[in-house]
Amino acid sequence: MGDRMQGKKAVVVGGGQPQHDLLGNGRAISLFLAREGAEVCVVDRDLDRAEATVELIRKAGGTAQAIVADVGNVDDCARLVEDSYSAMGRIDALVNNVAINHVDADPLALDVAGWQLMMDINLRAMWLTSRAVVPLMRKHGGGAITNISSIGSRTGGGRMFAYSISKAGVNALTHFFAVSFAPDNIRCNAVLPAWVLTPHSIEGLTRHGWVPSREELEERGARFVPMNRMGSAEDVANAVLFLSSDDSGFTTGLEVPVDGGALSVIGRYEKPQE
Ligand SMILES: NC(=O)c1ccc[n+]([C@@H]2O[C@H](COP(=O)([O-])OP(=O)(O)OC[C@H]3O[C@@H](n4cnc5c(N)ncnc54)[C@H](O)[C@@H]3O)[C@@H](O)[C@H]2O)c1
């Protein structure tokens, strides 16, 4: 156990995951914050998934509790913050991790219901949980909000149209909260993962038929990513840990790519290494 989050109380929204040999981002973030001393409220719409994360934290000697909420529901977004505050007495760090893309398509094929669902879950929910937490953080002298975005927020093309736009909105939301609440010592930053090997990325990409298998995904990642490998949920969690802790006390409004250099490839003239 470390002490970078000692005495702090954290809420991770989307902190569960299905059973898998790999860690997903939300569980990795919850485990890393707890390992550094934070008490954690693990929020998920699926109780079993949240409880499995809580169990892992407790086994490692940490303190956590599960909260069930569906961030597609407006009232749940405020309620999950209130329940976390009641359980822990304060909230120092909020991590907004939930996003979906299973109903996405290209700009011509996407239907309006799919667009709306992704805007509500990927973007509106981050506004609503952040809006609910600001007055509580203010009361206790500040806090850190970290939103999980994607490098999809900076790129075009393909079949993740609404997802990319929702994540661009997450970046804008992050800047807006950062500036609006900087005087209250409330920081707000975004992490932009890409090419991260998680249960969700494997399941999503193979279900759409965009890659045939986990092995093929890893192989493509190794070819495309300048660092010649896919990232892990642990890579994402390390960035979130930094942004949630006092180590980043003067950092706000930042978009942090966790992508092995993939974003920096844009504009390069020579072909990426084969
Ligand atoms: N994995 C990647 O390669 C990658 C790349 C870029 C960005 N991201 C971002 O990382 C985040 C998710 O990480 P992950 O893919 O490892 O998934 P994850 O393992 O962290 O799982 C997310 C959890 O969110 C929960 N959830 C889904 N809808 C919900 C809802 N409406 N209300 C409450 N909980 C809900 C799920 O039950 C699941 O347990 C997303 O913001 C995603 O956009 C991931």
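1. A quick definition before we start: a crossing of two helices is right-handed if the near helix is turned clockwise from the far one by less than a right angle. By that rule, H4 passes H5 in a right-handed crossing. Keep in mind that this is a predicted model.

2. Staying with that pair, the axes of H4 and H5 (residues 161–181) come within 8 Å and cross at roughly 15 degrees. Angles under 35 degrees count as roughly parallel, so H4 and H5 are roughly parallel to each other.

3. Which residues of H4 and H5 make the contact? On the H4 side they include Trp115, Met119, Trp127 and Arg138, and H5 brings Phe161, Tyr163, Lys167 and Phe181, among others. By class, the residues of this contact divide into 15 nonpolar, 4 polar and 3 charged.

4. H4 (residues 112–139) also meets H3 (residues 74–88): their axes come within 8 Å and cross at roughly 30 degrees. That makes H3 roughly parallel to H4. The crossing of H3 and H4 is right-handed.

5. Val74, Cys77, Leu80 and Tyr85 are among the H3 residues in that contact, while H4 contributes residues including Arg124, Leu128, Val133 and Lys139. The contact of H3 with H4 has 11 nonpolar, 1 polar and 2 charged residues.

6. Now the ligand. It is surrounded by 26 residues, and the closest are Asn25, Gly26, Asp44, Asn97 and Tyr163. Tyr163 also turns up in the H5 side of the contact with H4.

7. Look at the backbone around the ligand too. A ligand oxygen sits 2.8 Å from a polar backbone atom of glycine 26, and a ligand oxygen is 2.9 Å from one of glycine 16. A ligand nitrogen lies 3.0 Å from a polar backbone atom of valine 71.

Key. Residues numbered from 1 in each chain as written. Predicted model: local features only at pLDDT ≥ 70, side-chain atom pairs only at ≥ 80, totals over all residues. Heavy atoms only, no water. Axes fitted to C-alpha atoms, helices over the stretch in contact; angles between N-to-C directions. Helix = DSSP H or I, 4+ residues; strand = E, 2+ residues; numbered from the N terminus. Parallel < 35°, antiparallel > 145°, perpendicular 65-115°, else oblique. Contact = heavy atoms within 4.5 Å. Nonpolar A, V, L, I, M, F, W, Y, C, P; charged D, E, K, R; others polar. Near = heavy atom within 4 Å. Polar contact = N/O pair within 3.5 Å; in protein donor to acceptor, adjacent residues only side chain to side chain.
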